[in-house]
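Let's take a walk through this model, starting at the ligand and ending at a pair of helices.

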Amino acid sequence: MPVVIVVGVQWGDEGKGKVVDYLTEKAKLVVRFQGGNNAGHTVIVEGKKTALRSIPSGILRPDCRCLLAAGVVLDPEAILSEIADLEVSGVDVSPARLGIAPEISLILPYSRAVDRERERVLADNKIGTTGKGIGPTYEDTVSRSAIKVGDLFSDAVLKTKLEFNVRSKNNYLRSVLGAEEQFDLEEMFQQCKRYADRLKPYVCNVSLEVNRAIEAKELVVFEGAQGTLLDVTHGTYPFVTSSNTIAGYACVSAGFGPRLVDTVLGISKAYCTRVGSGPFPTEDRGTVGETLRSVGKEFGVVTGRPRRCGWFDAVVARRAARLNGIDTLIVTKLDVLSGFETVKLGVAYELDGKQIEDLPTQPSDIERVKVIYETLPGWNADLTAVQSFEQLPLQAKNLLKRIEEVVACRVGGFSVGPDRAQTVLMCEQLRDYSGL
Ligand code: IMP
């Protein structure tokens, strides 16, 4: 059984959680490898909706164990309430089902305050973060001051690290950001002790578990969060998240070697969306964008913000295929395009009169590119009950085939609605992973 990495091709919200859930019938492990509760997956099984933030969507499969790897950032308050919510819905989230790496950096209340206040100070230049404290926590990781999950279990280490952090964050909030909010050391210490008791049973050696499962030839699925264009190194910097979202980071975060990866699945909507600020070449601020937003229910799961919408961008998808080594694309939300007389694909860019192969690196240049579109005939039929490629209208088949050509990557499946049963896998290999 293979090692599969699932990544988003665009700016997040492509439907990764749903596809991972679908693929995990046979999986032994599902591993989240980056980001935190800035992600929001909605998985619908038999009409029942579950919103997930930090916990991988494999949690909805009783035989699947979920792990949070070292490169994730974790808000203890948020994960404890996510566990409680899942348990109320009857999902078992005992330590047999969920493991947390001790190397994970903690998002604490001061991280959220710094995130929010910095955005306020940036005003018109803000990134449009989710305000969950993700960026400040990754900063602490690199500056070697982060409080790790493992630190919660030693009072002496916790106190020393908290002392430094509370003092420096209070100072930064007050003196640099001009904020009033301040944090109390003793209060934070007591809060962390409460988290320690609740989180301790979940702590495990993720790298060992992952490597053993791979050695035992189990199916191990790595679930990415956000999308390729939000990668801190290769995305539309500075309008990105603070972690590496691309497939290579699964190895770094979960502690296994790149030679062990078999398949990288790229998940892409049949159109494009983005939340927060930053360049988005195919964005449509007119009626097309509005229709995609309302038909596709394009509002953030975490923040409720309306998502910016536009046509599929093959330049973005080709970049994602290259950066991640994607061998198979799954195109989600194909049903949302029903009713458009014509559908468009952005196939190339022009900058200063010259055709260019890839996104420019400077945001101001990306803002200036002219997208070259291809227009294809649309369709009117409702796709939501479609169960195979053959049942699609000719125009929808042609769109998928054209996406395959312009991205130069096999389309291995598509989805026509939010329910688990509305995902169609076309290639044998993926059907085998999903146990169908
Ligand atoms: P942060 O990850 O909260 O720091 O936000 C940085 C950027 O990433 C902002 O543009 C957010 O809107 C975006 N972002 C973060 N998480 C997600 C996600 O799960 N889906 C889509 N965009 C996201």
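Sort the shell around the ligand by class and you get six nonpolar, seven polar and two charged residues. Here Ala, Val, Leu, Ile, Met, Phe, Trp, Tyr, Cys and Pro count as nonpolar, Asp, Glu, Lys and Arg as charged, and the others, Gly among them, as polar. Keep in mind that this is a predicted model: local features need pLDDT of at least 70, side-chain atom pairs count only at pLDDT 80 or more, and totals for chains, interfaces and linings use all residues. Residues are numbered from 1 along each chain as its sequence is written, and side-chain values use heavy atoms, with hydrogens and water left out.

The ligand is surrounded by 15 residues, the closest being Asp13, Asn38, Thr130, Thr241 and Arg305 (a heavy atom within 4 Å counts as near). Ligand oxygen atoms lie 2.6 Å from a polar side-chain atom of Thr241 and 3.0 Å from one of Arg305. On its own the ligand has 470 Å² of accessible area, and the protein covers 97% of that (Shrake-Rupley method, 1.4 Å probe).

Now for the helices (DSSP runs of H or I, at least four residues, numbered from the N terminus). Helix α3, residues 109-122, packs against helix α4, residues 134-142, at an angle of about 115°, with the axes 7 Å apart. Those axes are lines fitted to C-alpha atoms over the stretch in contact, and angles run from 0 to 180 degrees between N-to-C directions. At the contact (heavy atoms within 4.5 Å), α3 brings Tyr110, Ser111, Val114, Asp115 and Arg118, while α4 brings Ile134, Pro136, Thr137, Glu139 and Asp140. By class, that contact has four nonpolar, two polar and four charged residues.

Definitions and conventions. Polar contact = N/O pair within 3.5 Å; in protein donor to acceptor, adjacent residues only side chain to side chain. Helix = DSSP H or I, 4+ residues; strand = E, 2+ residues; numbered from the N terminus.
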